[in-house]
Amino acid sequence: DGEFMAPDIPRWAATYATCDKKGVPQQRHVGRTMGKDKPAAQLQRGLWQFVDEMGADLMVLSRAQGTWRVYTAWWEVYVEWGWIMQVDVEALTVEVAELEKVLFRSLVLMWYGADYASSTLDIYVTAVVARVNDLRQVNLRDSVEIRRLVEGIKRKQGCATRKKLPVEGAHVAALMGMGAPNRNGHAWTGTWVSMQWLQLVAMVVLGWSAFLRCSEVLELQLCDLLWVKQRLEVCVRKAKADQLGFTATTELEYALDGDSACLVSFLDGYIDTVLGGAARGKGCTKGTHQGYECPVCPWLFPAILKDGLHMRQTSDTNFRRRLKAAFVRLAEAGHISESDVQSMSAISLRKGGNSTAAAAGTRDVLREKHGRWGQTARKRAAGTAEVEYNMQLKDERGAVMRALQDAVDGKSPKTSLGERRDSGASVGFERPRKRQKRR
């Protein structure tokens with residue numbers, strides 16, 4: 001009978017007792033990879049113990065690993081402030097008013113002495129509030145003083161940020177036409193430099209033409225690509241604005257005859273050269289579980305290091321390092337200024353593809369669908385199924401890719417006034433102005 005007398009369920013506050021050095025709670029049975037795989041039953045210590053441990057693992061999944069790490073780092077800053085003010089903020093016997101006092105005064109001092117941005121201070125407050133709420137079930141944001149202080153810092157300091165410049169069609173075309181760089185021991189290493197460069201340009205081409213974020217590029221597997229007549233369908237399993245795993249598909253059409261450099265054909269060439277073709281692995285699960293990581297198919301962009309090709313996923317660090325080196329090559333060739341190199345990053349691919357299509361007059365609804373925009377796309381998907389939505393836009397299918405292909409081929413976009421538009425990242429372009437007549 002004792003086997004069926006369930007003990008108390010695991011408490012959320014106890015999760016912090018299992019954290020590693022970086023502040024991420026350790027899981028016993030359930031992994032983080034999205035999928036329907038379930039752990040084998042381990043009943044040595046009893047049924048309810050196993051059930052509770054799985055439940056604790058699932059609770060940990062409610063936050064991303066990066067969120068756990070960031071929150072822990074800022075909590076340690078808060079603990080240091082408490083030590084300076086002679087308050088043990090980790091003790092459960094400390095009054096809530098003392099915790100509020102430490103947060104209030106530390107915010108003022110971090111704004112005054114360290115000159116933190118208001119957005120950074122907002123993350124600090126969020127991390128502290130989350131930890132206190134988890135451990136004490138008290139929300140420090142309910143404090144009028146904390147809310148007003150955060151709002152006052154925002155109004156005093158402002159929330160302006162320096163936006164990244166977009167990658168334009170001329171930049172993509174220039175990269176596609178460049179040869180492999182020389183080894184520099186940093187971005188380009190070993191005897192596989194030519195393959196490293198080919199992979200980087202392919203990542204640029206796909207990220208720019210499909211409006212992909214850095215994480216979305218790196219998470220792609222070979223079976224996420226589906227070739228159909230005259231187009232390539234890219235399945236994005238999980239995105240920054242889609243943490244629950246609603247999959248979305250972006251269609252990339254092949255260029256029309258006569259176009260000088262087909263974007264999709266360049267990607268095909270990379271797949272044939274580096275991956276040896278587009279054949280899926282035996283036992284591919286993409287047909288039954290589209291939104292999950294396939295256990296047999298390779299990554300679309302595997303790691304290419306100095307000693308050769310490794311079938312593990314390319315790291316975020318390597319991608320960003322090589323992308324920055326590619327921007328440096330663009331500056332050396334005169335396509336962008338040297339100052340623009342620091343203002344361009346991985347998000348410039350997504351931003352550049354969208355702004356290029358917009359400059360060509362592509363409708364907002366088409367660009368939103370192509371780029372899988374979070375809330376906008378979700379609201380629209382709630383009103384109509386994706387298949388039905390695609391049918392409604394079938395007459396305009398390919399408009400985004402035609403605009404991008406024209407930009408790569410050097411065809412200037414035209415607005416309704418006949419004026420050419422650019423993003424401001426190109427060198428040597430003088431924006432024409434027309435004097436309007438007074439009525």
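Select Cys 262: this residue is buried, at a relative accessible area of 14% (buried means under 20% relative accessible area, exposed over 50%, partly exposed in between, with a 1.4 Å probe and protein chains only). Next, pick Cys 297, also buried, at 7%. Cys 297 is in no disulfide; the nearest cysteine sulfur belongs to Cys 284 and is 3.6 Å away. A disulfide here is a pair of cysteine sulfur atoms within 2.5 Å. Searching the whole structure turns up zero disulfides.

A quick note on what you're viewing: this is a predicted model, where local features need pLDDT of at least 70 and side-chain atom pairs count only at pLDDT 80 or more, while totals for chains, interfaces and linings use all residues. Residues are numbered from 1 along each chain as its sequence is written, and side-chain values use heavy atoms, with hydrogens and water left out.

Zoom in on Phe 301. Leaving out residues up to four places away in sequence, its contacts (heavy atoms within 4.5 Å) include Met 203, Leu 206, Tyr 270 and Thr 314.

That last one is your next click. Thr 314 sits in the loop between β5 (308–313) and α10 (316–332). Is Thr 314 buried or exposed? Buried, with a relative accessible area of 5%. Its side chain reaches the backbone oxygen of Phe 301 at 2.5 Å and the backbone nitrogen of Ala 303 at 3.4 Å. Beyond four places in sequence, Thr 314 also touches residues including Gln 199, Leu 218 and Phe 319.

Last stop: Thr 189, in the loop between α6 (169–177) and α7 (193–209). Thr 189 is buried too, at 17%. Show Arg 183, Gln 196, Leu 305 and Lys 306 to see what Thr 189 touches, not counting residues up to four places away in sequence.

Terms used:
Helix = DSSP H or I, 4+ residues; strand = E, 2+ residues; numbered from the N terminus. Polar contact = N/O pair within 3.5 Å; in protein donor to acceptor, adjacent residues only side chain to side chain.
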